[in-house]
Protein chains: 6
Amino acid sequence: MRLLLVNPNMSTAMTETMATIARDVVGPQHEIIARTADRGFPYIASRAEAQIAGGIVLEMIADNLSGIDAAIVAAFGDPGLRAARELFDLPVIGMAESALMSAAMLGERFSVVTFSPAMRRWYLDCVRDSGLMERCAGVRTPQDHPRNVADVGTALRAELVSLARSAVEQDDADVVVLGGAPLAGLAKEIAADVPAVVVDPITAAVAQAMAMVRIAPKQSFGLRRSKPLAKSSVGLSQALADVVRHEAQF
Amino acid sequence: MRLLLVNPNMSTAMTETMATIARDVVGPQHEIIARTADRGFPYIASRAEAQIAGGIVLEMIADNLSGIDAAIVAAFGDPGLRAARELFDLPVIGMAESALMSAAMLGERFSVVTFSPAMRRWYLDCVRDSGLMERCAGVRTPQDHPRNVADVGTALRAELVSLARSAVEQDDADVVVLGGAPLAGLAKEIAADVPAVVVDPITAAVAQAMAMVRIAPKQSFGLRRSKPLAKSSVGLSQALADVVRHEAQF
Amino acid sequence: MRLLLVNPNMSTAMTETMATIARDVVGPQHEIIARTADRGFPYIASRAEAQIAGGIVLEMIADNLSGIDAAIVAAFGDPGLRAARELFDLPVIGMAESALMSAAMLGERFSVVTFSPAMRRWYLDCVRDSGLMERCAGVRTPQDHPRNVADVGTALRAELVSLARSAVEQDDADVVVLGGAPLAGLAKEIAADVPAVVVDPITAAVAQAMAMVRIAPKQSFGLRRSKPLAKSSVGLSQALADVVRHEAQF
Amino acid sequence: MRLLLVNPNMSTAMTETMATIARDVVGPQHEIIARTADRGFPYIASRAEAQIAGGIVLEMIADNLSGIDAAIVAAFGDPGLRAARELFDLPVIGMAESALMSAAMLGERFSVVTFSPAMRRWYLDCVRDSGLMERCAGVRTPQDHPRNVADVGTALRAELVSLARSAVEQDDADVVVLGGAPLAGLAKEIAADVPAVVVDPITAAVAQAMAMVRIAPKQSFGLRRSKPLAKSSVGLSQALADVVRHEAQF
Amino acid sequence: MRLLLVNPNMSTAMTETMATIARDVVGPQHEIIARTADRGFPYIASRAEAQIAGGIVLEMIADNLSGIDAAIVAAFGDPGLRAARELFDLPVIGMAESALMSAAMLGERFSVVTFSPAMRRWYLDCVRDSGLMERCAGVRTPQDHPRNVADVGTALRAELVSLARSAVEQDDADVVVLGGAPLAGLAKEIAADVPAVVVDPITAAVAQAMAMVRIAPKQSFGLRRSKPLAKSSVGLSQALADVVRHEAQF
Amino acid sequence: MRLLLVNPNMSTAMTETMATIARDVVGPQHEIIARTADRGFPYIASRAEAQIAGGIVLEMIADNLSGIDAAIVAAFGDPGLRAARELFDLPVIGMAESALMSAAMLGERFSVVTFSPAMRRWYLDCVRDSGLMERCAGVRTPQDHPRNVADVGTALRAELVSLARSAVEQDDADVVVLGGAPLAGLAKEIAADVPAVVVDPITAAVAQAMAMVRIAPKQSFGLRRSKPLAKSSVGLSQALADVVRHEAQF
């Protein structure tokens, strides 16, 4: 399998961290192709930014379609997920959605724990969009926005453990999802300190991408009635315009 | 009042039709500034297209902010609405959302009638996003996609009246919203043939923009805690980048 | 436009305050006809009182139908709103519903702040009845019922600002609706102190009444299939009995 | 036990039919006190009529409180139910709500079958107000309004059986509620023809009134924190004004 | 009437307490047949235990069908309720469901108060399964699991009263259900200390069983289309296997 | 990985078919341990049967825990799933739940198509229990129950394709789940005939079991606060009693 991982945040360091985890999940038989956005925002944290980044995600996938079995949108919040799923003839996995769906199969109720109150609303929107609101026990965050997003996994580790414990003890969560790309890899480290199953979203996304490739018959995507009709466009990247015009070759 | 009307579809004819209706609604004391997208798609009809068009909407509003009291996203489906509302310090009105909210104040249950089955899912998503699903009696469309979107208001008039009647008689709708920019202005023409209140979305959007300017204290928008933090960006239009960086002057 | 404003609370002072705000919203070209209930309760604060007051609202509208373009039920809680909307052939606007719908177009999530815990449940019912529960971030009130309802806007001003701030900071509201007729006009005064858009319900009701007159084709109301059949009655006011019998002239 | 049955429809024939069934349910040890509205409408069939009739229900209960253990609002649609429940210190039972709650204890999913499409919306509102929408498989009615409401139980019997069968076979209902006072008593007659449990609402209301008297500790009602505060009023019947002023003796 | 009360907890003391209350509710004309599980668990407190106990409930009912008018599953949480209702041709009442439905007829919003945080999730599941989530104001419990389940009604009495008061004062409950078989009979004792209607689930279950026998036409159950088809089985008790094979005689 | 597949239906042929597909999904590196129920029912088709079969599932898992990485409940309808997930310290996958969650990651809306109207209600309950009702476009089945469940995949193939097409064309499904163990393996065969992604539940269950093993840190399950407390029991199999008493060794 060849899985495309597109990071719509303009951070190659973050991409590298996620790609390393991804490669660990798939093992040596399978390939991870990782790409970082070359425009947009250093770190997406609002709906407005996600609107723009979602368009960039479409271009990044279109540019790298060749030989790919599935694509992963590697930002919690899943910018462009539904658009990409509609447009491309292969499984498209969102980091948030796949973590939430996995959480819902590992326990009755899940919570999301993340590093900033600024993400709270967007992540709740993700839960709502996934359709799993009923299974969600809440989103817990620190009270203040961290100064530096890059090192929250270490700087806030004790507080994140404490938030996860509260999610379990006060909100009755069975499963805790550590939301946000900067927390990639933290789940394994804190698992022993949290009385619940802890989910790492990038691990979930990669494992779900593998599952979807196994589940979905390849030819089905091209046959989908709900695919948008072929259409001309102005101002899109060549590769994306070709996909939109149903003239992409892959 | 000066109201900005941005049409994310690349059709100046459609913009003209809507601007004419809008000017009729606001009267001579108020001004309509109408703009048409210069890139994107001839007619947005899918989530993928709306993802891209939503980014274009943000640029169109940023480019025309000067002296504006409110902005109208003039495409049923409201691409970019939530992003724009979050970002700009003034009321932003969506054609679909404002029509649905108005419908919900004109009767107990509303239906949407539109010209193509291809729009059905997207319009239902609009209802869901508005939060008014419970008040919605359904979306009715012809069975087949029309050959020519531009003239559906005349070519399909009899069928649209018949769909509206079914929405009333079989689905118990009190109000019928004629969804889709190509149906702009049709409501008035068929009102006498439909046993319900019929809503024209562009009329609703303009009337609601006027209402929001009256209701929302100007200074409130700049004070909003939920506004995204100032942020650098790469590859956005200058005006939009300035807004994102909190350095726009208007 | 001639807009009828009926206050089902037996307080002419409250009617005057609201009529003054209403006249300010519509401007000199349009007319506000304000009426105060001459029976019922000094201030409606329960479902039981609303049941009775709702019947009085129907009579007040029936008595003043002549030449009216729209009617406003000027009590937060909207007694009789759905009944009046069904019965009369013109737009009927509720102060609560119109404030909530407006709030939902000014931000993603709204809260209601009001002056007494006794109103909490009724106002939550209003949100539920409007269908907008999903968009609501909560209802916040002081812990105790005020001694004097008339002057809560001044006596409780600091506490109401504090509640509004909590709604924003703890409940993630983008918009705060100041519920209850005794708070009419307060929004403008406290807007600078609240990090959100603040909505005054009587302003919202009047602006929405104007919008509805612009949106709804006049003849539609008489054609509505969902209108109750003509019916005889005993014990109603003459004007209301005529409307119920489909013999009102206006 | 003494159960008060108030019929807000001005039909003593209907009251007699219902009282006979009620007396059969309670047996000779218990007493049914039946009252018919002396103003309002011959047969309530809309929200507007229910708004007015609900006020009359409050007066009818207040006038007959002495020595009563529970009150039954004997019109499907339950006009005034929530208001009465809030106001009076005893169990108040609605014919619709009690039938729906009973249906939900007799099977997984219930349907309502009634005699006129004009009742459909109101009865659906009842389901929604009860909170049991998820357990409801639908409301089925004939296509046309009957000429004569009084004899629908016999004139439409075959059609009602056919609707009930469709509710079972097509909508997967386990239980069918025969909604509307004119169908009182029909359930027993058609039970053998319907492959589901069939519920007669007046029987359900009376059986539930007996159950509530057994379940609810008498003194609890007077202690309720959610009871409206004592209040003066203008224009109410003496007995109702006394209840509202917390000066009723019973 | 002969009502079968099956206690799936292996505690004859608990069965005796409940049977005494039940006999008090039905009076001397009617009969209570009480049975205690002879296998399973001392006290069911999880979904896993309820899965197994639910099967035992089916056997207990099958073993005692002769001459019975209705069956009561006498454990809050209602193990096996939906299975039993589907299978047996008579009304089957759950202690939790019947208490919740009754609560919803005694006030607008109810809360559940119980003796251990370990029951919280299961009881919330009961509310969800009943369909009444919207009417529920919450589940309140002590912070810690009690050492001894048997005497919680006396040992925790003050705390339970305090929890009930919080449910009323902070969560706006009108009705409080005292969940869990070990609290049987407590409602009457604490009613004077709680400003709400307090519901005893075993009383509710018995009163509702009587109501259902009055409401449901006997022959209906055998006619139900939704009854499972006759089927062979291996390893079930003889009586249950006969019911499953549609060969039970009763 | 060693995955346990327990078939609660007493059909070794069905177990063999599913095990073959499962082995094909996991490949030669991983092991499938397949077990068939030796008591219960030939084919589970009702809630009553699922209640009993769910207890058997718990025993089957307890009996085969040694060296297992995850367990699959191999009957669409997932008898005992929630109980097993609560009880055992490893991932437990349901065939229905995993197929629905997968479907929700492969498209916006999914439908279930199955071979008998008798399964319709139970499968809808599965959707509801999963929390994904909002993403579900419906359950479609033939009108009549098939004579022979074993060969429905071939005997009804044309009808199932036609139902799947209707789910897509009339209900707007993007993904179709072929529900029911007798349809195992059919998805691949009919994929070319259905304009949507078609999901085989046993493939989904196995792929999801593999994903869960990758996602969930092993030690987490034993640490879960929501695990039932250790408890004595009577009448359970030795292995299950040990698990319940927290004395299982694996």
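1. Chain C and chain F do not touch, their nearest C-alpha atoms being 14 Å apart. The pair formed by chain B and chain E is also without contact, with 14 Å between the nearest C-alpha atoms. Contact here requires that the C-beta atoms of two residues, placed from the backbone, lie within 7 Å.

2. This is a predicted model, in which local features need pLDDT of at least 70 and side-chain atom pairs count only at pLDDT 80 or more, while totals for chains, interfaces and linings use all residues. Residues are numbered from 1 along each chain as its sequence is written, and chains are lettered from A and ligands numbered from 1 in the order in which they are written. The predictor assigns the complex an ipTM of 0.97 and a pTM of 0.96. For chain A the average pLDDT is 95, and 99% of the residues score at least 70; pLDDT is the predictor's confidence in each residue, from 0 to 100.

3. Chain F and chain A do meet: the contact takes 48 residues from chain F and 48 residues from chain A. On the side of chain F that touches chain A, at least two residues each come from helix 3 (81-87), helix 4 (95-106), helix 7 (157-169), helix 8 (186-190), strand 8 (197-199), helix 9 (201-215) and helix 10 (218-223) of chain F. Helix 9 of chain F has the largest share of that side, with nine residues. By class, the side of chain F that touches chain A holds 27 nonpolar, nine polar and 12 charged residues. Nonpolar covers Ala, Val, Leu, Ile, Met, Phe, Trp, Tyr, Cys and Pro, charged covers Asp, Glu, Lys and Arg, and polar covers the others, Gly among them. Helices (H or I, at least four residues) and strands (E, at least two) are DSSP runs, numbered from the N terminus.

4. Within chain A, the division is into domain 1 (2-94 + 204-244) and domain 2 (97-201), with bounds from an automatic or database domain assignment. Taken over C-alpha atoms, the centres of domain 1 and domain 2 of chain A are separated by 23 Å. In chain A, 20 residues of domain 1 are in contact with 18 residues of domain 2. Helix 1 (12-26), strand 4 (92-94) and helix 9 (201-215) of chain A each supply at least two residues of the domain 1 side. Helix 1 of chain A gives the most to this side, four residues. The residues of the domain 1 side in chain A divide into 12 nonpolar, six polar and two charged.

5. Chain D has an open sheet of four strands in the order 2-1-3-4, with parallel pairing. Strand 2 (31-41) and strand 4 (92-94) of chain D are at the edges with a single partner strand each, so one side of each is left without a neighbour in the sheet. Neighbouring strands of this sheet are turned by 20 degrees against each other on average, direction ignored. Pairing of two strands requires at least two bridges found by DSSP; strand 3 (residues 70-73) and strand 4 of chain D pair in the parallel sense over three bridges. Ile72(D) stands opposite Ile93(D) in strand 4 of chain D.

6. Two helices of chain D lie across strands of chain D. Helix 2 (residues 47-63) of chain D lies across strand 1 (2-9), strand 2 and strand 3, at about 135 degrees to strand 2 of chain D. Helix 9 (residues 201-215) of chain D lies across strand 1, strand 3 and strand 4, at about 155 degrees to strand 3 of chain D. Axes are lines fitted to C-alpha atoms, for helices over the stretch in contact, and angles run from 0 to 180 degrees between N-to-C directions.
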